[in-house]
Structures are given as structure tokens and as C-alpha cells.
Amino acid sequence: KRELNLSAILGKSAEAKERRLVPEVVEDFFLQAAPITGIYPKEMQKDKHVFRVGRIPRTLWPVGERLEGRFGKLGREYKQVAFDKRFLTDDPTLEWVTPGHSLFECVRENVWERVQNDLSRGTLFYDINRIEPARLDVFSAAIRDGRGNVLHRRLFIVETGMTGAMTVRQPTLFLDLVSASLSDAPRIPENVNLPELDRVEHILVEGALRPFLGEIAGQREKEIATIASHVEISLNALIDRQNLHMAELLEQQQKGDATPLLAANIKTTEDRLDELNGRLERRREELKQERHCTIADIRHHGRAWVLPHPERTSPGIAPMVRDEEIERLAIRAVIAYEETRGWQVESVEKENRGFDLISRKPHPEDPRTAIEVRFIEVKGRAAIGEIGLTSNEYKAAERLKNDYWLYTVFNCGTQPKVLVVQNPARLGWEPIVKIEHYVVSAQRFLEAAGNG
């Protein structure tokens, strides 16, 4: 049983890591956002991930004062900061900057304020895998409990095609798009009869927010049940203790003890019992309210159009364009490959998580428990050729390291051959900035697959 529990923990930790906001992501955001606020971090030594921030611009001081009650006082100067807590082991003088730190939150808040006009104006993107334009509406929404506490807040994208069909997408969709040059971008479609914003919001509620509410409400019910059980046990134990103490005091009184001290003790015990019973009733009522979850704070932040990339047919980019039939054959081959090994496969292709499949090795004594997990990106090629990752896929590979696996299926059209590489971020990918992709040669991949 001990082995089973340990295996379950190992399996769950890998999946928790996939959802976690890792230090690399926090650092990447801060380094891109800080210059917008007038802060210019400088790395102290290449690839050491320790930065000098310097003096904080006066324009951020009012933001810091406004947020001080939530995140603490904003410093006037920061010498050396790091975004990974592990670096503090070697140098405890470093300032650890992460979500919740006053500097991080002030930068985030100030950037948010500065980009509102850009969000309301909208923009254009290119996508090499599209053959027709689509409209993207960006929303945020929260789930609140019955006491008004925000339990979760998320971003959502509603994509509307030229036929008017709408699909809810993950915000990571934007990681695979490239900004269009407004000077030479094609005009966005005009005079098209696409759904109005209220209809788009309706699709968001039905297609994403109600399932989101169900997910959070289920989690909340389990949490409240656990809390309620402990509240009942702990407060009733305290009440029982006071009742026993009261019984002892009353027994002394019945035996003729009329001292003022006894009367004072009885009064104190009565007050304590009233206070504990009041606490118990209040917590029961609060937990009852906290069980009730609702969708709240739906907000439309902006709109963008995504257009087919004008160079999607050029010789250098055409090989990176997704071939739906080849990819379908590759996915089928990889699922069969994993199931032959006895693993259970879940497809997350439509979720824009930076990989296509989650493959879990079930525990022999409990098939519902995964003792090992692989996050698998699948690439299919009709023959043997260069392999490309989108920006989202590459960032996921960098973040998940040894838990991320690249399965490439060569010769999909004839005799599919599955080749596997663990932690593909180490292969030395070359960025293609104009389409936000990373490529590696077939030879480099074959060498890595042969050694893996």
C-alpha cells in the first residue's frame, strides 16, 4: 500500500507540474513587461538568471501605494532579483520576485492599465495553418462563492469562422500566431454576417463557463466537506471540554461551595460556551454559503482577426504547414504505439496545451492510478523531413523537460515508423521568427531518437 501511494504521488506531481506557473514563465513575462513600465532589468551574468533592476520609476509609486494593502510595500530600488526560489539557496540576499510580490504585481497592474487602448482597438495576426480568416474575441470570467470570494479567474477565446461557426479556444492559441504587419496586411473581411457580441458571449457561457462552473463547484464541494468535517470535530471537542468543565463547577456549587471565585468561573465558562456555539453556527452558515458557486465578472477585453499567413506556400514555410490527413495518421499510430506498451492515452489536441496526448502508465494494482506520465507532441511526415514546433509547443517542451516527449511518425503515407525523443528542447532548434516556429533537421532528430 505504501508503494501504491508513493506511485500515485509521483504520477500526480508530473501532471501538477504541467499546470503550474513555473519560474521560467514568470521570468519571461517580467522581462517583456517591465520595459513597458520604465524598468529595464539587466542580467548580471549570462544564463545565470539573476537580474539588476535598479531604481523604480516614480510613475510606479502610485500603483505601489494602491496595491500596498494586498501585496506589501513597493521598494524604491531593487539591486538583484531572481525568479526561481532555488537561487536563494546560494545567495540569500537576492530578492525573489514572483506573483504576489509587490514589484511583480505593480508591473503587471501598470502594463494592464497601459494596454487598454490597444486591447479595445484590436489587431491582426497571421497563422500558417489557416486557409481562411477567423475572428477572435477575448473574455475573462470568474467563479465566486456565496460570500463573494473569487475562487478562480480565467481567460477564454471564442473563435468565429467565416461561416459563423463559433468555438471556444484556450488563450495559448495566441502563442502560435505571429503579429501581422499593419502596412502590408490584407484587409480584414468586410460586410460579413458574423454573430454579434451577445451571441458570442452566449456561446462562451454554454460552451465553457458552465463546464468551468461545474468543475469548480465539484472541487469546492469536496473542499467544503473536508473543512466542515474538521470544523465540527474541532469545535465540538472544545464545546464538550467546556461542558465537562461546567458540569464540574455546577457539582461544586451543588455541594455548597458559594465562593465568588466559583461563580466567576461559572460565568466565564458560560460565556466561553456561548462564544464556541456561536462560532460553530457562524462557520456552518459561512460554509453553506461557500458551497454555492456562480459565474461572475464576464468581461470582453478585445477582438482580433487572424489571417492566413501570406507566405504559407513559400518553399521555406510550406513544409511547416499542417497536413490534417498526415497528422491524423500520425496520431493514430502513436496511440496504437502507446496502447501496445500498456499505457492509457488521452487526447488534448483541441486544448492548445503545447502537446497532443497525455499517456499514463497505470499501476498494476490500481488502473486508475498513474505511476508515470508522458506529455506527447506528435509530428507526422509523409516521408522523412525537417520537424517544426510551434512557439507554444517549444515553450511547453522547455518547461516540462524530461516529462515532455516528441513522437515523430515518418512515412505516414506508406509504412509509418514511430520515433521517440525525450526532452526535445535540448536538440538545438532554430527559430523561424516570421511564423513563430522552431525547426530541427531530420538527421538531428534521428540521432537523438537512436540514442534515446
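1. A pocket, in the sense used here, is an open set of grid points where a 1.4 Å probe fits, with protein on both sides within 12 Å along at least five of seven lines. Keep in mind while reading that this is a predicted model. With that in hand, look at the second largest pocket, which has a volume of about 1100 Å³.

2. Who lines this pocket? There are 44 lining residues, and N129, R169, R322, E324 and N352 lie nearest the centre. Several elements give two or more residues to the lining: β7 (150-161), β8 (166-169), α9 (324-340), β13 (366-380), β14 (387-390) and α10. Which one gives the largest share of the lining? That would be β8, with four residues. Sorted by class, the lining has 18 charged, 15 nonpolar and 11 polar residues.

3. Have a second look at N352, one of the residues nearest the centre of that pocket. N352 sits in the loop between β11 (344-347) and β12 (357-363). Its phi is positive, about 55°, although N352 is not a glycine. Is N352 buried or exposed? Its relative accessible area is 12%, so N352 counts as buried, the cut-off being under 20%.

4. You'll find K401 in the loop between α10 (391-400) and β15 (404-410). For K401 the relative accessibility is 36%, which puts this residue in the partly exposed group.

5. Now for the nonpolar cores. The largest has 22 residues, and F30, I39, I56 and L103 have the most contacts inside it. Two or more residues of this core come from each of α2 (23-33), β2 (50-55), α3 (61-71), β3 (77-82) and α5 (102-114). The largest share, five residues, is from α5.

6. Setting aside neighbours within four places in sequence, I56 is in contact with I39, W61, L74, G75, R76, E77, Y78 and L103.

7. Finally, follow helix α7 along its residues, 197-254. Where is its kink centred? The kink, of about 40°, is centred on V205. After α7 comes G256, which has a positive phi near 100°. If you trace the helix on screen, here is a handy rule: an α-helix has 3.6 residues a turn, so residues three or four places apart point the same way.

Key. Residues numbered from 1 in each chain as written. Predicted model: local features only at pLDDT ≥ 70, side-chain atom pairs only at ≥ 80, totals over all residues. Heavy atoms only, no water. Buried < 20%, exposed > 50% of the residue type's maximum accessible area, 1.4 Å probe, protein only. Core = buried A, V, L, I, M, F, W, Y, C linked by side-chain atoms within 4.5 Å. Contact = heavy atoms within 4.5 Å. Bend = angle between axes of the 7 residues up to and from the residue. 1 Å grid on protein atoms, 1.4 Å probe; cavity = no way out; pocket = protein on both sides within 12 Å on 5 of 7 lines; lining within 4 Å. Points joined across faces, edges and corners; volume = space filled by probe spheres on them. Nonpolar A, V, L, I, M, F, W, Y, C, P; charged D, E, K, R; others polar.
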